[in-house]
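Let's take a friendly walk through a protein fold, one piece at a time. Keep the picture in view as you read.

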Amino acid sequence: LKRHVPVALEQNVTRRIVDEIASLYDRPALRTFADASLTVRFRAEEKRLRLHELKQEEHRLLTLCNEILEWQFAGVDGKPKLRLITPDLFDAIPHPADMLVAAGLVVDMPPCTMSTGADRTSLPHYEMWDDTYRYLISGNGHLVDSFGKMVSAPEEHGLGRIPGNLLHRREPTTCILDDSHGADIESCHLGVALLNVMTMRLAKSQGERQQVLQGNLAQVASGQSMDGERPIALPPETTLSMLESKTDPDHYLAVKRDKITSVAQTYGMSYEQFSNTETADSGKLYELRREKLKEIRNESRRRAVMHEQETAELILGAAVVDMRIDYQEMSMPQDAAEKLSLMREKSKMGLDSPVKYVQREDPDKTREQAIEEILSNQRDYALVIEMVRALNMPANADAENPGRSPEENGADNDKKTEPDYAAIAQEILDAA
């Protein structure tokens with residue numbers, strides 16, 4: 001089976017489910033502070049650190065791994081940067097007074113060297129942090145400096161805190177690290193990959209009918225190939241028959257579908273949602289099917305607000321108060337006409353606006369750019385209105401049916417003369 005593995009990994013169950021349920025950062029979150037100057041400063045750091053992409057990946061990893069370490073370090077330019085460390089590359093040391101609080105963190109730090117043997121083992125392999133000291137541990141467990149020389153005391157880092165945040169998808173209850181939250185997704189991924197491999201093997205070994213020769217096989221000429229133009233030549237008393245060995249892989253496909261459906265339903269997805277084969281339904285049915293996904297999103301939002309606060313304190317290096325996070329809501333699928341109609345009705349009640357509509361359609365636009373686009377479109381439309389009025393064209397006119405000329409439409413371009421009202425009155429009197 002091993003040789004079939006590289007060509008049977010196309011169905012990535014983990015990515016499909018995680019991308020569907022970890023949707024909180026599909027669009028950038030808006031972070032503001034009560035202090036306007038602090039908002040401007042944080043926006044600059046947010047852009048430099050590419051915080052949106054970092055938070056998007058962090059949310060996905062938390063969904064799968066349940067824990068992630070958000071780590072701050074000095075980049076090549078000497079400025080602070082952030083990176084994400086998965087649970088296989090760090091460990092947490094629980095506090096003696098509270099086993100659910102981290103007193104220290106141990107981070108893997110493989111040495112970047114071509115040395116081998118004792119020279120490599122003596123170099124730092126792990127770094128352990130608490131709120132005061134940084135310990136460098138060699139491959140054989142000795143306390144060393146950055147060059148691999150043994151020392152008797154750790155290095156005091158002077159930060160006053162651990163330069164990282166240990167984040168949890170769900171609050172720990174029994175131990176500080178618990179990776180059981182996404183174990184069902186991982187199990188389904190491995191099971192589906194195995195079934196894909198078995199299906200590939202079955203298609204190769206039993207996907208076609210087999211040729212069988214019976215009789216005096218010693219007299220059969222070797223090296224013959226049978227096709228539609230050159231039939232195989234057989235000696236007397238030797239026959240060729242076809243063995244029906246073709247096997248249908250439906251039993252593998254049924255088991256694979258059952259495994260995917262079982263884990264997808266845990267996270268509020270149907271198999272049709274997983275495989276993108278849903279049919280168009282009303283908005284009410286769509287919302288009903290996504291009720292569980294909305295619950296998961298709301299739970300993630302509550303945790304993410306706390307994580308955002310910790311991240312802001314790590315970036316700014318001080319306690320943060322009055323921080324507000326605005327996550328953009330998900331909208332149900334609609335065609336263009338339905339979107340415009342809904343926006344128009346909601347705008348009348350103050351629930352939406354054309355500016356927000358433009359930003360939803362193009363998230364890269366700022367509010368100022370959206371307003372300028374609306375004004376530009378209105379100016380262009382005003383030119384059309386002025387042209388229509390000048391030509392006295394009907395509202396439904398087009399190039400094939402441009403309407404009549406202004407005179408034919410009832411316009412009178414001749415100079416108008418004032419009627420002689422006195423003469424008209426005299427005529428009326430004479431007639432009476």
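A salt bridge is a side-chain nitrogen of Lys or Arg within 4 Å of a carboxyl oxygen of Asp or Glu. Side chains of opposite charge can pair when their charged atoms come close. The model you are looking at is predicted, and a search of the whole of it finds 20 salt bridges.

Start with the one between Arg303 and Glu171, whose closest N and O atoms are 2.6 Å apart. This pair links distant parts of the chain: Arg303 belongs to helix α9, while Glu171 sits in the loop between β10 and α5, 132 residues away. Are the two partners buried or exposed? Arg303 is buried, with a relative accessible area of 15%, whereas Glu171 is exposed, at 53%.

Now follow helix α9, residues 291-316, which lies across β2, β3 and β10 and runs at about 175 degrees to β10. Those strands form an open sheet in the order β3-β2-β10, with antiparallel pairing. At the edges are β3 (80-85) and β10 (164-168), each pairing on one side only. From one strand to the next, the twist averages 20 degrees. Five bridges join β2 to β10; in one part of this pairing, Trp71 has Gly164 of β10 as its bridge partner.

Other salt bridges stay within a single helix. In helix α1, Glu20 and Arg16 lie four residues apart, about one turn, and their side chains meet at 3.0 Å, N to O. Lys55 and Glu58 also meet at 3.0 Å; they are three residues apart in helix α3, so about one helical turn separates them. Both Lys55 and Glu58 are buried, and both Glu20 and Arg16 are buried too.

Note on methods. Residues are numbered from 1 along each chain as its sequence is written. This is a predicted model: local features need pLDDT of at least 70, side-chain atom pairs count only at pLDDT 80 or more; totals for chains, interfaces and linings use all residues. Side-chain values use heavy atoms; hydrogens and water are left out. Two strands pair if DSSP finds at least two bridges between them. Helices (H or I, at least four residues) and strands (E, at least two) are DSSP runs, numbered from the N terminus. Axes are lines fitted to C-alpha atoms, for helices over the stretch in contact, and angles run from 0 to 180 degrees between N-to-C directions. Contact means heavy atoms within 4.5 Å. Buried means under 20% relative accessible area, exposed over 50%, partly exposed in between (1.4 Å probe, protein chains only).
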